[in-house]
Amino acid sequence: CMTNEGHPWVSLVVQKTRLQISQDPSLNYEYLPTMGLKSFIQASLELLFGKHSQAIVKNRVGGVHTVGDSGAFQLGVQFLRAWHKDARIVYIISSQKELHGLVFQDMGFTVCEYSIWNPKKLCVDPDILLNVVEQIPHGCVLVIGNIIDCKLTPSGWAKLVSMIKSKQIFPFFDIPCQGLYTGDLEEDTRILQYFVSQGFEFFCSQSLSKNFGIYDEGVGILVVVAVNNQQLLGVLSQLKGLAEALWLNPPNTGARIITSILCNPALLAEWKQSLKEVVENIMLTKEKVKEKLRLLGTPGSWGHITEQSGTHGYLGLNSQQVEYLVRKKHIYIPKNSQINFSCINANNINYITEGINEAVLLTEGSEICLPKKKTLIGIKL
């Protein structure tokens with residue numbers, strides 16, 4: 001997330017908590033246990049599943065304190081390579097290009113990646129997810145990135161769960177920024193809780209870097225959901241040995257900040273409010289982009305911009321239009337035209353929307369007036 005000034009967004013409550021921690025004379029800077037800070041793990045699991053989750057009450061949910069945004073995947077894949085040898089084929093389904101595939105490939109897995117964004121319909125297409133799962137082989141690993149992006153109906157989720165059960169597929173979910181999709185922490189993980197209620201065992205990468213704004217102190221959890229406590233303890237025991245080889249001790253500063261906030265009702269309420277404000281600002285930005293394109297008379301329908309949730313979304317441009325923006329306007333976006341909408345602010349929104357308008361008109365075959373002076377503006381979205 002970025003601020004209106006173009007700087008990384010950090011919740012004010014995080015800044016306040018960081019200052020308090022730095023001035024605490026009682027802090028002990030001893031190494032953490034290999035499994036990490038217990039209070040951090042517990043608070044993170046309760047954030048994900050709810051304090052009164054039956055899975056937590058029955059002790060079939062646990063976690064390992066991991067490093068950065070990809071540490072949970074590194075640890076989980078190490079385990080799967082050793083203990084789930086038949087699952088050498090991994091299917092990754094997401095609305096965007098993920099780095100998870102590189103982790104699996106490095107461990108010797110065959111990776112098949114699918115995007116649920118349909119560039120022709122200009123929407124997330126849940127049928128892609130169902131069709132892929134219908135065709136994938138028995139016993140493989142299925143990685144679902146940003147599960148809230150899937151947009152399945154209740155009957156669609158029921159069908160997906162049925163197929164995963166019948167094919168004995170092992171799910172590996174990714175929750176990269178809980179609260180930054182709808183602004184509601186519980187809503188963003190409701191589907192994950194549904195899988196828990198259906199008795200599934202799975203891994204989940206829970207990143208807590210983006211939603212707290214501690215990008216340079218990134219921490220997360222490899223969440224383990226087992227069928228019972230005995231199995232959970234066995235899995236955590238194996239993960240401990242793998243974590244010792246990977247990083248031995250996880251970072252503490254970010255975990256302390258997060259734990260302090262999650263375990264203090266007043267700070268927690270303040271943090272939740274900051275997430276809602278971020279989501280509202282991003283939705284307002286999307287509305288402004290759509291409206292400016294309408295006022296410019298840009299060909300095409302732009303409703304898909306506001307129909308997408310979260311900080312990132314697709315502009316719906318083709319490769320020729322993207323190339324124009326990069327070469328002629330110095331607006332740097334990936335080929336699939338998915339951008340971080342929080343990078344758009346009052347200082348650059350006119351330049352960006354005018355650039356999009358020119359790019360679309362160019363591909364429509366209309367005459368346009370290219371800028372006579374070479375612009376020095378560079379905007380990375």
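Good morning. A residue counts as buried when its relative accessible area is under 20%. In this predicted model, Cys-1 has a relative accessible area of 14% and is therefore buried.

Let me stay with the cysteines for a moment. The structure contains zero disulfides. For Cys-1, the nearest cysteine sulfur belongs to Cys-177 and lies 7.5 Å away. A disulfide requires the two sulfur atoms to be within 2.5 Å, so Cys-1 takes part in none. Cys-150 is likewise in no disulfide, the nearest cysteine sulfur being that of Cys-204, at 13 Å. Cys-150 is also buried, with a relative accessibility of 1%.

I turn now to the aromatic residues. How many aromatic pairs does a search of the whole structure find? The search returns 14.

Another edge-to-face pair is formed by Phe-104 and Phe-109, whose centres are 5.4 Å apart and whose planes stand at 90 degrees. Phe-104 and Phe-109 are buried as well.

Finally, I would draw your attention to a charge over a ring: Arg-256 lies over the face of Tyr-29, 5.1 Å from the ring centre. Thank you.

Key: Residues are numbered from 1 along each chain as its sequence is written. This is a predicted model: local features need pLDDT of at least 70, side-chain atom pairs count only at pLDDT 80 or more; totals for chains, interfaces and linings use all residues. Side-chain values use heavy atoms; hydrogens and water are left out. Rings of Phe, Tyr and Trp (its six-membered ring) pair if their centres lie within 6.5 Å; planes under 30 degrees apart count as stacked, over 60 as edge-to-face and the rest as tilted. Buried means under 20% relative accessible area, exposed over 50%, partly exposed in between (1.4 Å probe, protein chains only). A charge sits over a ring if NZ of Lys or CZ of Arg is within 6 Å of the ring centre and within 35 degrees of the ring normal.
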